[in-house]
Amino acid sequence: MTTTTTTDPPAPAPVPAGRPGPGPGPGPGAGTRRAGRQLHGGPVAYAVLVLFTIGSLFPLVWTAVAASRDSSRLARTPPPLWFGSNLARNLGTAWTDANMGLALFNTVLVAGSVALGTVLFCTVAGFAFAKLRFRFKSVLLMLTIGTMMIPPQLGVVPLFMVVAELEWTDRLQSVVLPTLVSAFGVFFMRQYLVEALPTELIEAARVDGASSLRVVWHIVFPVARPAMAVLGMLSFVQAWNDFFWPIIALTQENPTVQVALTGLGRGYVPDQAVIMAGALLGTLPLLLAFTLFGRQIVGGIMQGAVKG
């Protein structure tokens, strides 16, 4: 007869006070989940974002509210805070009185031409200042940056004399050509290409026999695409909202949006509701452009930030 002896497993060693006991090890992918988890803001961050969003949208909403009322209601206190029933009538009046159809067409043409020309010329000039070697490069760059310190009002009289001599008054080229290149755009593209464009890449293209035009088209433009998107957006918005020089060079017969809006404010008692309706008509195309191309613009900015 065989006797079987059973022994109990040894008891775990006591854990000293203050030291955590052994716990289960991390499962597979725990580090990945921890590293790839999304960060969420707290209630304070969301409250601040909501306040800033409301503050940013309030001018646009108030313009739409004022455009839907009449001037007598806008003159009362407190002002209206909700929409009225006159929006369609005021928009139609502003469209007719300000010749808004022609003004929108002219503004799209002017702003698009200025943005395209600024992006192309400033990118080429920025590439030259960033990567090419030529005499007096530093002096020319300092002179270009120095022009940013001169108030644009000082050049209005000689510029208008040139435009009048060329018989370009009340023509769109008088607004487009003087703003095709900006010192800010040249400096902006130069600073971007200094870091984003490797010199070795240009030298390799030269060794392969690429011409300067081929280098710019196939190397500089693809590398500078994020900065070009930002510069194009800024130039388009600035040209769309420009008022000082267009009001001097153009008239109500061939206006841009900002020049056309001045025609709504004339008269002994300007109709504030119609003026607000015209301002709304002039703002909606910009909102539409940002809605359609905002993701591409932001994506280009983020791509440039990651590459940088």
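A: L177 lies in the loop between α8 (173–176) and α9 (183–196), where helices are DSSP runs of H or I of at least four residues, numbered from the N terminus. At 43% relative accessibility L177 counts as partly exposed, a class that falls between buried, under 20% relative accessible area, and exposed, over 50%, with a 1.4 Å probe and protein chains only. The C-alpha atoms of L177 and S113 are separated by 9.0 Å, although the two residues are 64 apart along the chain. This is a predicted model, in which local features need pLDDT of at least 70 and side-chain atom pairs count only at pLDDT 80 or more, while totals for chains, interfaces and linings use all residues. Residues are numbered from 1 along each chain as its sequence is written, and side-chain values use heavy atoms, with hydrogens and water left out.

The largest pocket has a volume of about 980 Å³, the space filled by probe spheres set on grid points that are joined across faces, edges and corners. Of its 31 lining residues, P152, P178, T179, S182 and Q238 are the closest to its centre; a pocket here is an open set of points on a 1 Å grid over the protein atoms alone, where a 1.4 Å probe fits, with protein on both sides within 12 Å along at least five of seven lines, and lining residues have an atom within 4 Å of a point. At least two lining residues come from each of α5, α7, α9, α12 (225–241) and α13 (244–249), and α12 gives the largest share, 6 residues. By class the lining holds 21 nonpolar, 9 polar and 1 charged residues, with Ala, Val, Leu, Ile, Met, Phe, Trp, Tyr, Cys and Pro counted as nonpolar, Asp, Glu, Lys and Arg as charged, and the others, Gly among them, as polar.

Helix α5 (100–131), one of the contributors to that lining, also packs against another helix. The axes of α5 and α11 (residues 212–223) come within 11 Å and cross at roughly 95 degrees, the axes being lines fitted to C-alpha atoms over the stretch in contact, with angles from 0 to 180 degrees between N-to-C directions. That makes α5 roughly perpendicular to α11, the term for angles of 65 to 115 degrees. In this contact, defined by heavy atoms within 4.5 Å, L120, T123, V124 and F127 of α5 meet V215, V216, V220 and F221 of α11, a set with 7 nonpolar, 1 polar and no charged residues.

How values were computed
Angles under 35 degrees count as roughly parallel, over 145 as roughly antiparallel, 65 to 115 as roughly perpendicular and the rest as oblique.
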